[in-house]
Amino acid sequence: MESIETLRAVHHSTRRRIIEYLFLHGPSQVGTLAAELDQQVGSISHHLRILERVGVVARAPELSTDGRTSWWRLTRGGFAWAPDDYSDSPADRMQAKAAERASIDHQLGRLAAWKRRQDGDTEEWRRAAFSNDMMGRATPEELRELSELITATWRAWREAIDLEDGQERRPVFFFTHGFPFRP
């Protein structure tokens, strides 16, 4: 379970973008992050310190060649939590639900952005992008098992990719939700 402080830190839009950038590109300088994310250096430094306090990023001084540049690396690859993890504190549960809404808004925003720009992309990428919705019947335990299987499949797929093979790759975003519903 994540601390409520971690949830508050990672579900801020700029900090989420910092996490995504560091995940995709590895350790980076504050100036590079600011330029890539179209932010001020001071703002990026502020957000990095907040993420550092909750253990999501760490300074990487061994990468600095002149002592003036500040390098940072991601220390974690993911976050697992649910609002019910915070049932002992109504205030924390409310913040966890707000973080959940922010996460869903982020996911749907990514999908909407792709849909708006897909016609300007190559046919190869338009055909590779996908959307699925499926139905079935399950117990809560079976649905949890499905989640674990999907996550394991994603990790195995990602780890099997040889990033050093010279092929050009673009970041891809994949999200799933599984839940009971009524037709």
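Let's call two residues in contact when they have heavy atoms within 4.5 Å of each other. With that in hand, a word on what you're looking at: this is a predicted model, where local features need pLDDT of at least 70 and side-chain atom pairs count only at pLDDT 80 or more, while totals for chains, interfaces and linings use all residues. Residues are numbered from 1 along each chain as its sequence is written, and side-chain values use heavy atoms, with hydrogens and water left out.

Start with Leu51. Not counting residues up to four places away in sequence, Leu51 touches Ala9, Val10, Arg15, Ile18, Ile19, Val56 and Val57. Leu51 also belongs to the largest nonpolar core, which has 18 residues. Such a core is a set of buried Ala, Val, Leu, Ile, Met, Phe, Trp, Tyr and Cys residues joined through side-chain atoms within 4.5 Å; buried means under 20% relative accessible area, exposed means over 50%, and partly exposed lies in between, using a 1.4 Å probe and protein chains only. The members that touch the most others are Ile18, Leu33, Ile44, Leu48, Leu51, Val56 and Val57. At least two core residues come from each of α1 (4–10), α2 (13–25), α3 (30–37), α4 and β3. Those labels follow DSSP runs numbered from the N terminus: helices are H or I with at least four residues, strands are E with at least two. There's a second, separate core too, with five residues, including Ile4, Leu7, Tyr86 and Ala96.

Now for the strands, which pair if DSSP finds at least two bridges between them. Three of them make an open sheet in the order β1-β3-β2, with antiparallel pairing. At the edges sit β1 (28–29) and β2 (57–59), each pairing on one side only. Helix α4 (residues 41–53) packs on this sheet, touching β2 and β3, and its direction makes about 110° with that of β2; the angle is taken between N-to-C directions on a scale from 0 to 180 degrees, with axes fitted to C-alpha atoms, for helices over the stretch in contact.

Take a closer look at β1. It pairs with β3 (residues 71–74) in the antiparallel sense over two bridges, and Gln29 stands opposite Trp71 in β3. Beyond its neighbours within four places in sequence, Ser28 is in contact with Tyr21, Leu22, Leu33, Ser70, Trp71 and Trp72.

Finally, find Glu2 in the segment before α1. Glu2 counts as buried because its relative accessibility is 9%.
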